[in-house]
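Here are a few friendly notes to read with the model open beside you. Take the points one at a time and find each place on screen as you go.

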Amino acid sequence: MNESMYCRTCAGVSRLRQRPPDTLVPLISRLLTLAAIVMLIGLLPWLSGTDPALSLLRARSGEQEATAETLNAIRLSLGLDQGPWHALAHWLGGLLHGDVGISWVSGLPVLPGMLRATGVSLTLMASSALVALVLALLLCAGTLLRGLRGHTPRPAGFFAALLTALPEFLLASLLLITGAVWLQFFPPYGWLGWQYAVLPSLALGLPAGGYLGRLYSDALAGTFGESWLTTWSVLGISRRHTALAVIARSLPGVMPLTGLVLVSLTGGAIAVEKVFAIPGLARATLGAAAAGDLPALQTGVLILLLLASLTGMLAGGGRRLLLGRALQLGAVPVPAQAAQPEKQRAWIPLLCLGILLMMVLAGLPRDPLTSEYLRLQPPSLALPFGADAMGRDLLARVAHGTLNTCLQALAVSLICLAAGLLMGAFPRAMTGPIEVTNALPPVIAGLVVAAVNGPTATGAAIAVTAVSWAPLAAHTAALVSEIQARPYMKMLPVVGVGAIRRTVFYVLPALCGPLLRHAMLRLPGIALALASLGFLGLGAPPPVPEWGRVLAEGMPYIERAWWSVFAPAAALAVLSVMAVTLSGLRWKKRATAH
């Protein structure tokens with residue numbers, strides 16, 4: 001008896017010793033990543049190679065002469081003469097006492113203004129998330145109904161891809177002109193009531209809803225291929241209970257991605273808040289970065305990262321709650337092979353590819369830089385896409401920009417796929433980088449890179465790569481945990497299969513299909529991110545033709561010259577539809593081949 005009690009006590013002590021690392025590793029990862037990002041932002045004025053005092057002088061008064069006496073006075077008043085590490089330590093010391101410092105530009109306390117901006121951004125995020133979730137449910141309804149009726153479920157493809165392809169800044173401008181200027185249903189600018197949130201929420205929620213709808217419908221289609229549904233059908237279990245079970249089974253795999261998308265609504269709202277002049281956190285952080293207001297910039301980034309960590313923990317907890325003991329007992333069902341796609345849908349990616357090729361072949365021989373036509377000349381047979389505000393051929397500019405944007409987006413997607421596989425293999429250790437990286441929008445990363453190296457096309461690609469691998473890593477971590485919890489994986493060590501062989505021959509083949517599909521699904525999003533950096537002037541300098549710059553140049557004339565933005569927007573939509581449908585056809589055929 002004493003011996004059995006001793007054994008149980010030892011087992012309990014062993015469990016207690018094993019549990020803390022499981023909870024401490026993600027916490028330490030979050031804290032270390034948070035500290036590294038805050039330190040990087042704090043050192044940004046010195047990493048850029050410019051004098052912080054000169055930047056502050058330009059922000060406060062662009063006409064004042066930058067004399068040595070004036071710059072020295074600024075350095076002494078703000079403690080810049082003692083170096084970057086002293087400024088960073090002073091700010092962190094004040095943070096522990098609830099004081100984030102005084103704005104270098106306005107001279108007012110930073111925290112009250114940032115908290116007000118955070119409240120505005122949280123309200124906008126909540127309303128945008130509601131729009132995105134409602135749209136995602138509508139896109140998934142067809143897949144769920146077909147599966148319950150015993151038919152082959154079809155993931156949401158064409159319409160979801162079109163929504164995913166809509167750039168937030170372009171959609172915001174279109175909604176502003178349509179809903180506020182033409183129809184006059186909603187106010188165009190500001191933030192004074194619920195009616196001010198309608199158009200911005202649609203601009204943010206529609207692309208996110210299309211992205212989530214595609215992911216959810218893919219997860220539902222995979223769940224309907226699992227063998228336990230056949231048993232439930234034989235037992236005569238009602239469709240209502242079956243639908244609830246299918247939804248509960250499909251949600252865990254997409255819960256981390258849902259959390260990351262919801263966080264990105266806050267960080268990625270910079271262009272929308274700028275178009276609608278919303279006093280939110282993203283716009284305030286962008287303004288602080290542009291003005292060199294270091295305390296405000298640090299505070300804004302810190303709040304974004306805290307929101308990311310909190311949302312990531314809630315999403316992970318919801319996933320573990322939905323799976324329950326299946327992860328511990330190794331009872332996660334194995335999905336069946338995907339059904340072969342219908343042949344009539346194979347024409348969609350071929351048609352999209354043909355449109356892009358025709359546009360490129362027709363536009364490459366034309367000159368994208370010479371002003372040969374009338375200003376804002378409308379489309380004609382000789383000028384299919386019309387001319388821009390400088391009289392340049394839009395067909396030539398979009399065609400030359402297609403090669404640049406598509407090739408950059410493809411390279412960034414492949415790099416992000418490799419990084420996602422690597423980082424996702426260590427989910428607990430990489431919890432912090434995954435959550436924190438997703439909270440930083442490409443614009444903030446673009447500002448950091450542009451501040452150090454100037455606005456270039458390579459810098460824009462580096463900035464997008466630095467923040468675009470997180471969803472793939474989160475997806476990898478979720479899939480790996482489920483794959484390792486399948487029954488046959490528990491039997492492999494018993495029959496002598498080692499860890500390396502399990503990873504190479506069992507885990508990686510099960511990962512490749514979903515992850516490559518996800519990477520292809522993110523291809524248009526990466527192209528949009530590159531276009532948004534070009535739209536904000538953080539990409540290739542003029543007169544290099546790229547989609548984002550062409551959109552930015554045509555945006556002021558969209559009301560009276562719609563063709564100035566139609567061509568690049570249509571090219572982005574065609575690229576999105578081609579990427580999503582082509583990736584689905586490739587992997588479904590490969591699944592049936594095996």
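1. Let's begin with one glycine. G317 is partly exposed, because its relative accessible area is 29%, and partly exposed means the range between under 20% (buried) and over 50% (exposed). Do keep in mind that this is a predicted model.

2. Where does G317 sit? You will find G317 in helix 14, which covers residues 294-323.

3. Now zoom out to the whole protein chain. It has 25 helices and 0 strands. Of its 594 residues, 51% are buried. The accessible surface of the chain is about 27800 Å², and carbon and sulfur atoms account for 68% of that surface.

4. How do contacts link parts of the sequence? Among contacts in the protein chain with a separation of 6 or more, 76% are between residues 24 or more positions apart.

5. For a helix pair, look at helix 8 (residues 168-182) and helix 9 (residues 198-223). They pack at an angle of about 140°, and their axes are 9 Å apart. The two helices are therefore oblique to each other, and helix 8 passes helix 9 in a right-handed crossing.

6. Which residues meet there? From helix 8 come E168, L171, A172, L175, L176, G179 and A180, and they meet L199, L202, A203, L204, L206 and P207 of helix 9. Sorted by class, this contact has 11 nonpolar residues, 1 polar and 1 charged.

How values were computed
Residues numbered from 1 in each chain as written. Predicted model: local features only at pLDDT ≥ 70, side-chain atom pairs only at ≥ 80, totals over all residues. Heavy atoms only, no water. Axes fitted to C-alpha atoms, helices over the stretch in contact; angles between N-to-C directions. Helix = DSSP H or I, 4+ residues; strand = E, 2+ residues; numbered from the N terminus. Parallel < 35°, antiparallel > 145°, perpendicular 65-115°, else oblique. Left-handed = near helix turned anticlockwise from the far one by under 90°. Contact = heavy atoms within 4.5 Å. Nonpolar A, V, L, I, M, F, W, Y, C, P; charged D, E, K, R; others polar. Buried < 20%, exposed > 50% of the residue type's maximum accessible area, 1.4 Å probe, protein only. Areas by Shrake-Rupley, 256 points an atom, 1.4 Å probe, with all protein chains shown as cover.
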